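Good morning, colleagues. Please look at the structure on the screen while I take you through a selection of its features.

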Amino acid sequence: MATEDGASADVVSAVVEAPRDEKVKQTLPRVNSIPVVTRADGAEYLEIKDLRGILQPQDSPFVDTNNAGAGFVGDKDLVRISIMSYESDQSSGSHRDFGPQQAAALYDPAKNQTIELPDFALRSGPRRTIYHNPKDVCAAIVTCGGLCPGLNDVVQNIVFSLDDYGVPEDQIFGIRYGLRGFLDRHAKPVQLSRSKVDGIQLKGGTVLGTSRGNAKMPAIVERLRLWGINQLYVIGGNGGNAAAHAIAKECAAQGVVCNVVGVPKSIDNDIQLIDRCFGFDTAVEEAQRSLISARVEARSSGGISVVKLMGRQSGFIAMNASMASGVVDACLIPEIRLNLDKLCDFVKAIMERKDYCVVCVAEATTEQAAEKAIIWAAGPALYRHG
């Protein structure tokens, strides 16, 4: 995994077997780009940058009703990042290619590198104390990167939440066509209000438009300053959140007081530390249609159907769609190393047993010979039943 300070993490074993089945947890290397806070009780958690030191604290407008009876999240509430405790390194999922792994960590399978994380992260949610006077808030929303189901829902609910807190309608804006909208004079920001976003969840894509790149941070931050924006919501994937982080750093460098909020978006569900991104469930549901159709084709012709599904760096869509559809015989994902010989033997066995086979391949599966190997393995069966 590449880090801001250029550091890389050495691959080490996080758990070793000790006498009498006791396990000794070894420390993975940490890097300065992942700041950690240690509480008085010793609990460590990921640091979240904020502007509380320069903003004025005040009560939430929902204090009188105790947030409509739901209560508030405490500033010391923590969420455990790593929830598993394995019996041994033989337990399923307890290790990756480089060895046993029981520390909370970020992992890059392409580079086979790991960076340790603390055990906890701060819990999100409504606070009893807020630090922006809603009447003084000028907010902007921007969608970046590829399309994803649910983008308009997210835009709508950000507007609804701002309106609920009392932010004036004429102080909420949408940036057109991604980060390009900050720089393109032909793509002027649009005003957003509760009435203007009503029903947009029924539309596909993003009503704001999107684009990739155009991450000219100094110029973007200058626009934030000129427009008086003090809250920016960036809806994006790995690239979009990296851009949000860079914008926040540039705001600090230029002395621009603006909270930059990254909203994780990934149809592939491949943003680490995020259990489930919006749009992923819809993608799984739609993918099942292709798998079921592929089964009809394979069964009708006595052949093999190979379906490649989205997943640039992960196999979450392929795995979940395969399991949910119930029609897939073999699912190939990048998280599990592919053994072509075993795959060929398996496909042969399936063809001999029921005369057809459905294989689902995640886009990120790197063995490009997989499809050729499947066809080659099934050649005799196809010829026999042709």
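Predicted model: local features only at pLDDT ≥ 70, side-chain atom pairs only at ≥ 80, totals over all residues.

I begin with strand pairing, where Phe173 has Gln191 of strand S15 as its bridge partner. The strands concerned are S14 and S15, which pair in the antiparallel sense over two bridges.

On to the pairing of S14 with S13. Strand S13, residues 139-143, runs parallel to S14, and four bridges join the two. How does the chain get from S13 to S14, and what is the hand of the crossover? The chain passes through H1 on the way, giving a β-α-β crossover that is right-handed.

I turn now to the aromatic rings. How many aromatic pairs does a search of the whole structure find? There are two. Phe62 and Tyr165 form an edge-to-face pair, with 4.8 Å from centre to centre and 75° between the planes. This pair links distant parts of the chain, 103 residues apart: Phe62 belongs to the loop between strand S5 (58-59) and strand S6 (78-80), whereas Tyr165 belongs to helix H1, residues 151-165. With a relative accessible area of 26%, Tyr165 is partly exposed.

The other pair consists of Phe182 and Trp227. Why is this pair classed as stacked? The ring centres are 5.9 Å apart and the planes meet at 20°; planes under 30 degrees apart count as stacked, and therefore the pair receives that label. Here too, distant parts of the chain are linked, at a separation of 45 residues. Phe182 is placed in the loop between strand S14 (172-175) and strand S15 (190-191), while Trp227 is in helix H2, residues 217-227. Are the two partners buried or partly exposed? Phe182 is buried, at a relative accessible area of 1%, whereas Trp227 is partly exposed, at 34%.

The charged end of Arg194 sits over the ring of Phe160, at 4.5 Å from the ring centre.

Next comes Ser193, located in the loop between S15 and H2. Its relative accessibility is 3%, and buried means under 20%, so Ser193 counts as buried. Which side chain does the side chain of Ser193 meet in a polar contact? The partner is the side chain of Ser195, at 3.2 Å. If neighbours within four places in sequence are left aside, Ser193 is in contact with Val159 and Glu169.

Asn66 is not a glycine, and yet its phi is positive, near 55°. Asn66 is situated in the loop between S5 and S6, which is also the loop that holds Phe62. The relative accessible area of Asn66 is 33%, and it is partly exposed. Asp355 is likewise not a glycine, and has a positive phi of about 75°. Where in the chain is Asp355 found? Asp355 is in the loop between helix H6 (340-354) and strand S20 (357-362). At a relative accessible area of 32%, Asp355 is partly exposed.

That concludes my presentation, and I thank you for your attention.

Technical notes
Residues numbered from 1 in each chain as written. Heavy atoms only, no water. Phe/Tyr/Trp six-rings, centres within 6.5 Å; stacked < 30°, edge-to-face > 60°. Buried < 20%, exposed > 50% of the residue type's maximum accessible area, 1.4 Å probe, protein only. Lys NZ or Arg CZ within 6 Å of the ring centre and 35° of its normal. Polar contact = N/O pair within 3.5 Å; in protein donor to acceptor, adjacent residues only side chain to side chain. Contact = heavy atoms within 4.5 Å. Pairing = 2+ DSSP bridges. Right-handed = clockwise from strand over helix to strand, strands pointing away.
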